[in-house]
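Notebook open, sequence and model loaded.

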Amino acid sequence: MSDDFQAPLAHDRRQMLFTSARSLVAVAIVASAAIVERTKPAEASCGNGQGNGGPGGNVNGNGNLCAGNCFLEGTLISTPSGAKRIDELSVGDFVTTVGGNARPIQFISVYSYKKSDPTRAWVDDVRPVLVRKSAISDNVPNRDLYLTRGHSLYLDGILIPVCNLINGSTIVVDPAEHLSQLEYFHIKLESHDVVFAEGAPCETLLTINESARNFADFYRAYGISASEEQPYAPIHSYYGRRSEIASRLRSAASLVTEVRRPIDVVRDRLEARSSSIDLMID
């Protein structure tokens with residue numbers, strides 16, 4: 001066999017071995033992720049330890065208990081007549097949904113936290129998550145957005161609690177050191193939906209917790225539903241540290257072959273964006 005023929009043959013063999021090795025690495029990584037997730041703990045990675053869903057009392061439809069889902073006082077919500085502060089909205093007011101419909105508010109949930117000692121820091125459970133301006137895409141949100149950890153963003157057709165997207169740069173836990181009181185609000189429509197908060201698509205209230213300050217108003221008007229309300233879209237979340245590690249392993253394997261889940265894709269995209277954009281901060 002001539003040297004001219006053997007050279008490309010050897011090259012082809014090396015390519016085949018390299019491809020096989022990459023595939024085996026990908027399989028090993030995915031298998032490791034599966035093993036990790038099979039031993040995942042029951043608790044959520046961003047739970048608040050309160051056992052009630054925290055501010056707003058929303059237990060996500062997939063059983064993931066995060067620290068509530070509410071907007072910080074002053075958050076602008078899109079309405080047919082323009083953006084309005086959530087703390088200035090009233091039951092019966094209309095808000096604009098992601099589908100373009102105007103729907104009336106059925107209930108407004110309110111939670112307040114005050115410091116007993118002004119010099120002490122807020123506990124992690126009640127600190128808001130800050131989604132910086134343009135963290136999701138250009139001008140989305142159009143201002144800094146503050147919401148509780150369990151509040152879901154509607155991205156790529158799924159709902160993701162914002163606690164799963166914290167990246168230490170464009171999505172962070174805000175210390176709120178300058179505030180002596182944290183007041184959270186959320187709105188419930190007749191059914192679960194997605195509205196725009198600071199221009200970002202965010203879920204409305206899915207369920208109402210009896211510990212809400214004004215729960216009696218809702219109970220008198222509507223009673224308790226006999227059936228469990230269904231979420232607007234599938235809710236994707238990580239469960240505990242092991243689940244997050246498994247997600248990172250899937251992302252690593254995807255350098256060879258795509259095995260990521262929808263939540264992994266969103267998280268990776270926002271992290272890549274955080275390292276490459278100049279945030280347009282007012």
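Which residue does R85 form a salt bridge with? I found E73, the closest N and O atoms being 4.0 Å apart. A salt bridge here is a side-chain nitrogen of Lys or Arg within 4 Å of a carboxyl oxygen of Asp or Glu.

Housekeeping: this is a predicted model, so I note that local features need pLDDT of at least 70 and side-chain atom pairs pLDDT 80 or more, while totals for chains, interfaces and linings use all residues. Residues are numbered from 1 along each chain as its sequence is written, and side-chain values use heavy atoms, with hydrogens and water left out.

Back to the pair. I looked up accessibility (buried is under 20% relative accessible area, exposed over 50%, partly exposed in between; 1.4 Å probe, protein chains only). R85 is partly exposed at 32%, and E73 is partly exposed at 39%. R85 also forms a salt bridge with E88, closest N and O atoms 3.8 Å apart; E88 is exposed at 56%. E73, R85, D87 and E88 are linked in a network of salt bridges. I count 15 salt bridges by this rule.

Next, the inside. I checked what L145 touches (contact means heavy atoms within 4.5 Å). Leaving aside neighbours within four places in sequence, L145 is in contact with residues including F71, V131, L153 and E198. L145 is also among the residues that touch the most other members of the largest nonpolar core, which has 33 residues. Such a core is a set of buried Ala, Val, Leu, Ile, Met, Phe, Trp, Tyr and Cys residues joined through side-chain atoms within 4.5 Å.
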